[in-house]
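I opened the notebook today to look into a charged side chain and its surroundings, and then to go through the salt bridges one by one.

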Amino acid sequence: MLGENVSVDWQTLVSNWLVRSGCLYMMAWGVACGSWDDSVDWAFLEATGYEEVPDDQFVMTTWHDGESLPETILFAIQDAWHPTVSLKDIVIVDIRAESREGEIMEAYSNALDGRA
């Protein structure tokens, strides 16, 4: 999850959507990334009614404050893991007023090539 400052209500809506969509590992990077980590954690807890869930439904979250975009993408490719589910797809959600798709795709490609 990448992004700019957003309202708490909007952040909550997006966090709920991520959890309901089946996201099992959410990584936050950029502005207020720690609050995204917390927001998705709360969305997960609310979605489960604060009850224990099977390990294969647990949503992992990390935030990457102070790391570069390439470092964070490399972490997603090489180091992100779920204790019981094989993570296959990486979905990048960039929350910004202007697009930076080219920069993100270049960082992703470089990380795949080991050049992060």
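In which helix is the place of Asp37? I am working from a predicted model, and there I find Asp37 in helix α2, which covers residues 33-47.

Next I looked for a charge partner. Asp37 is buried and yet has no salt bridge; the nearest side chain of opposite charge is that of Arg100, which I find 17 Å away.

What, then, lies by the side chain of Asp37? A polar atom of this side chain is 3.2 Å from the backbone nitrogen of Thr62.

I then asked how many salt bridges the model holds by the 4 Å rule, and the count is two.

One of them takes up Arg100, whose partner is Asp94, with the closest N and O atoms 3.0 Å apart. Arg100 counts as buried because its relative accessibility is 11%, under the 20% limit, whereas Asp94, at 25%, is partly exposed.

The other salt bridge joins the side chains of Glu98 and Arg96, at 2.6 Å from N to O. Here I note that Glu98 is partly exposed, with a relative accessible area of 40%, and that Arg96 is also partly exposed, at 36%.

Methods
Residues are numbered from 1 along each chain as its sequence is written. This is a predicted model: local features need pLDDT of at least 70, side-chain atom pairs count only at pLDDT 80 or more; totals for chains, interfaces and linings use all residues. Side-chain values use heavy atoms; hydrogens and water are left out. Helices (H or I, at least four residues) and strands (E, at least two) are DSSP runs, numbered from the N terminus. Buried means under 20% relative accessible area, exposed over 50%, partly exposed in between (1.4 Å probe, protein chains only). Lys and Arg count as positive and Asp and Glu as negative; His and the chain ends are not counted. A polar contact is a pair of N or O atoms within 3.5 Å; within protein, one must be able to donate a hydrogen and the other to accept it, and residues adjacent in sequence count only if both atoms are side-chain atoms.
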